[in-house]
Amino acid sequence: NQTLKNKRALITGGSRGIGAAIVKRLAREGVHVALTYSNSPDRANEVAKMAQSLGVKAIAIKADSADANAIIAAVEHTVKELGGIDILINNAGVLALGPIDGFSLADFDRTIAVNVRAVFVATQAAVKHMKEGGRIINIGSCNAERMPFSGGGVYAMSKSALVGLVKGLARDLGARAITINNVQPGPIDTEMNPDNSEFAGMLKKQFMALPRYGNADEVAGMVAYLAGPEAAYVTGASLTIDGGFNA
Ligand code: NDP
């Protein structure tokens, strides 16, 4: 299936986890890719090399999503190196958990900066260059709709902010035939949420319909669907892929 062949995508936070799986999936479909990272240059370059080995252009760009100027520069760099941008995947995200009594303002601000503000900034910069058929896909979370344990209020707030954002921006961008949607994963085995922790055991036992963690490739599959021509009529939506966590 090469319907995405020769499209050009920017994936934020592509050095590991779900972002790296999206980079690989899109590269396999013939998409030229740019990926950002903040702390993992070696791993980001490895992901880019692996994408290149699949026959596409691939570049890794250092850009802390908390820094608006760095994100704008990453979008411009992508356009210059790949010749344009058709797909933006806002994946970079942080998870700070803690009950209200001890939750720091610094963690609150960083969560908003990376999980919410960066999505707005990258989208605004990318749509300047996007043509008809453009795609914006944010990685939200099932926690936008259900947060069944203590300590997750700020993270859930950051992801539910994206639900409203895509509804509104779908209307800004619809006349240009650009779609914008969220993919809302449930627990996925990554460094942010490893499958072998005590927390994972609790989630699987108490909250999952399918009693297992998902893997990043499963999320990448839904992203590839939204990026492709078959999803041209999907916009302003939040698609959940969560093993029944929210069921
Ligand atoms: P990981 O922590 O495994 O990977 C995070 C990725 O984002 C890394 O590539 C990291 O880059 C990058 N990143 C983090 N902060 C920044 C920043 N400030 N600027 C640029 N890049 C940054 O996380 P996941 O793959 O698990 O999560 C990806 C997305 O999926 C997030 O938005 C998360 O909220 C969401 N999600 C994850 C779930 C899960 O269970 N894993 C469930 C639901 C949603 P670097 O290596 O350079 O630090």
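Ala, Val, Leu, Ile, Met, Phe, Trp, Tyr, Cys and Pro count here as nonpolar, Asp, Glu, Lys and Arg as charged, and the others, Gly among them, as polar. The model is predicted, so to speak of local features a pLDDT of at least 70 is needed, side-chain atom pairs count only at pLDDT 80 or more, and totals for chains, interfaces and linings use all residues. Residues are numbered from 1 along each chain as its sequence is written, and side-chain values use heavy atoms, with hydrogens and water left out.

A search of the whole structure turns up two cavities of 30 Å³ or more. A cavity is a set of points on a 1 Å grid over the protein atoms alone where a 1.4 Å probe fits but cannot get out, and lining residues have an atom within 4 Å of a point. Volume is the space filled by probe spheres set on the points, which are joined across faces, edges and corners.

The second largest cavity holds about 40 Å³. Its lining has four nonpolar, three polar and no charged residues; Leu10, Thr12 and Ala74 are among them.

The largest cavity has a volume of about 50 Å³, and its lining has six nonpolar, four polar and no charged residues. Asn91 is one of the residues that line this cavity.

Take a look at Asn91 itself. Asn91 is buried, with a relative accessible area of 11%, where buried means under 20%. The Asn91 side chain reaches the backbone oxygen of Gly13 at 2.8 Å.

Key: On a 1 Å grid over the protein atoms alone, a cavity is a set of points where a 1.4 Å probe fits but cannot get out, and a pocket is an open set with protein on both sides within 12 Å along at least five of seven lines; lining residues have an atom within 4 Å of a point. Buried means under 20% relative accessible area, exposed over 50%, partly exposed in between (1.4 Å probe, protein chains only). A polar contact is a pair of N or O atoms within 3.5 Å; within protein, one must be able to donate a hydrogen and the other to accept it, and residues adjacent in sequence count only if both atoms are side-chain atoms.
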